[in-house]
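Biologist: I would like to go through the labels attached to this model and hear what each one rests on. Please give the value, then the cut-off.

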Amino acid sequence: MQEKLYPWRWAILIGMTVLLVSLQFSFIVPGGAAILVMQHYQCEPMMFSMIMSIPYFSGVLFCMAGGVLADRMGLGKVFAAAFVVSLLGALARCFSADYWTLFASSFFMGMGVAALNANSAKLLRLWFPGTANSFAMGVYTAGMSAGAALAIWYGSRVAAIQDAWWFSFGLMAVGVVAWFAVYRKHPDGEHRSVEPVGTYLRVVARNWHVWAVAIVALLVFGMTNVNGSYMVAAVTALMGDPSLTAVAGDLSTLNTVIACVASMALPVVFAKLFKNMRAPFIACLAGTAVCFALVFFLPYGPTTWVLFCIQPVLMASVMPFTKMLPTLLPSVRPEHYGVVGGIQATFQNFGMFLIASYVISPLAIAATGAVDGVPYYQGVYVATAVLCLVAAASLFLFPNVRSSVARKIADEQAAAPAERAE
């Protein structure tokens, strides 16, 4: 089918991606400056982990509301309110003098990404209703990896933690201004719901496929957080020399850069090669599982680098696949994309908040009896490999959807004459 070439579509994609990069940078930068944060705020590692995860918990609480309100009031108003609250949270963090002020400001910073993740599939489905949708979603999800990579690189080099807070605020301000500069109302409208909220919520809530794609998001995005949380420390432990942490950081950066490039390119390739999504989705998850299961059982060397270069190619394809699912389900109407995306994003944020720290780590400790060192990280990555396989099994909870929005629209157009004839 022919792509609809809406004006401003690429500008809107760039705007939302820049905004996601700035938000992700602001969430992750404490991880790069972990020692400074713990020293400045006098907090232990467990309390520090709460700072890292609390923006995602904000998404757990507000993604659903962001999707519902977007379906009712429109994307522009919801984004404006959420992004302003998030920016004010980043400003408050610059003046945080104690741990709990830092905690509260980090919570409010999560409002922006809650609204963006809840409605990203709906927004890109509106502006890219055809062959370019897969690429657009890949560019957007690459923003998560790019923001994290920049945050770790910058945070590990900053001299004072307040400098990191002010730089984050400035970057978020640029992202918010860029968004307001490029956002336009869609020329064909946004498929807003005119039903009472309770009515269409019941319709959506009774659709098991909606909850199935939400479970996939919980597993996939919870799993993607493992590398960001553990990779540098794990590779350093495998090398056996704490002075080589910078080398582990270089490997982590390379892993992230590959993920950024692959997340843009591979969804487009798979959309051309496969009519349906399940086969490439399962292949990528299975390949990721193999990489994770092997990497820390082999001595450090070229094989370590090879496995950590293959893994992001496979994993990066899975993220845009997951985010496209709400708009690919045949049983979901366009006017419900926001609330379905909100449900999925709620589970996505819950997975990022919960799985790495509160599921994978305790399982690794229970299995190995270690809390650090190579045995512990072997447990972490084997548990993550098992999670990959569970995610692959969860793909059978809903129909084998098309591999792209373009193919789904073609199916709908082909079915329309038959429906009119009936």
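Biologist: Why is Leu329 called buried?
Modeller: This is a predicted model, and every value here is computed from it. Leu329 has a relative accessible area of 0%. Buried means under 20%, so Leu329 is buried.

Biologist: Where is Leu329 found?
Modeller: Leu329 sits in the loop between helix H12 (302-328) and helix H13 (337-368). Its C-alpha atom is separated by 23 Å from that of Leu13, and the two residues are 316 residues apart along the chain.

Biologist: Is Leu20 buried or exposed, and how do you know?
Modeller: The relative accessibility of Leu20 is 1%. The cut-off for buried is under 20%, therefore Leu20 counts as buried. Leu20 belongs to helix H1 (residues 9-32). Between the C-alpha atoms of Leu20 and Gly338 there are 18 Å, with 318 residues along the chain from one to the other.

Biologist: What makes Tyr99 a buried residue?
Modeller: Tyr99 has a relative accessible area of 5%. That value is under 20%, so the label is buried. Tyr99 is placed in helix H5 (residues 99-127). The C-alpha atoms of Tyr99 and Pro55 are separated by 15 Å, and these residues are 44 residues apart along the chain.

Biologist: Why is Val85 called partly exposed?
Modeller: Val85 comes out at a relative accessible area of 29%. Partly exposed lies between the buried limit of 20% and the exposed limit of 50%, so Val85 is partly exposed. Val85 is part of helix H4 (residues 75-94). Its C-alpha atom is 26 Å from that of Trp127, 42 residues apart along the chain.

Biologist: What is the phi of Gln42, and where is Gln42 found?
Modeller: Phi of Gln42 is near 50°, which is positive in a residue other than glycine. Most residues other than glycine have a negative phi. Gln42 lies in the loop between helix H2 (34-41) and helix H3 (45-73).

Biologist: Why is Gln42 called exposed?
Modeller: Its relative accessible area is 67%. Exposed means over 50%, so Gln42 is exposed.

Biologist: How do you know that Asp411 forms a salt bridge with Arg402?
Modeller: The closest N and O atoms of Asp411 and Arg402 are 2.6 Å apart. The limit is within 4 Å, so the pair qualifies as a salt bridge. The structure holds one salt bridge.

Biologist: Why are Asp411 and Arg402 both called partly exposed?
Modeller: Asp411 has 33% relative accessibility, and Arg402 has 25%.

Biologist: What makes the nonpolar surface patch, and what lets Val386 into it?
Modeller: Phe297, Val382, Val386 and Val390 make a patch of about 330 Å². A patch residue needs over 30% relative accessible area. Val386 has 46%, so Val386 passes that cut-off. Val386 is in helix H14 (residues 373-394).

Biologist: How many cavities of 30 Å³ or more are there, and what lines the largest cavity?
Modeller: The count is three. The largest cavity has about 50 Å³ of space. Its lining is Met277, Arg278, Phe281, Leu325, Leu395, Phe398, Pro399, Asn400 and Val401.

Biologist: How does that lining divide by residue type?
Modeller: Seven lining residues are nonpolar, one is polar and one is charged. Arg counts as charged, so Arg278 is the charged residue of the lining.

Key: Residues are numbered from 1 along each chain as its sequence is written. This is a predicted model: local features need pLDDT of at least 70, side-chain atom pairs count only at pLDDT 80 or more; totals for chains, interfaces and linings use all residues. Side-chain values use heavy atoms; hydrogens and water are left out. Patches are made of residues with over 30% relative accessible area and no salt bridge: like charges are joined within 9 Å, nonpolar side chains (Val, Leu, Ile, Met, Phe, Trp, Tyr) within 5 Å. Accessible areas come from the Shrake-Rupley method with a 1.4 Å probe; for residues, only the protein chains shown count as cover. A salt bridge is a side-chain nitrogen of Lys or Arg within 4 Å of a carboxyl oxygen of Asp or Glu. Helices (H or I, at least four residues) and strands (E, at least two) are DSSP runs, numbered from the N terminus. Buried means under 20% relative accessible area, exposed over 50%, partly exposed in between (1.4 Å probe, protein chains only). On a 1 Å grid over the protein atoms alone, a cavity is a set of points where a 1.4 Å probe fits but cannot get out, and a pocket is an open set with protein on both sides within 12 Å along at least five of seven lines; lining residues have an atom within 4 Å of a point. Grid points are joined across faces, edges and corners, and a volume is the space filled by probe spheres set on the points.
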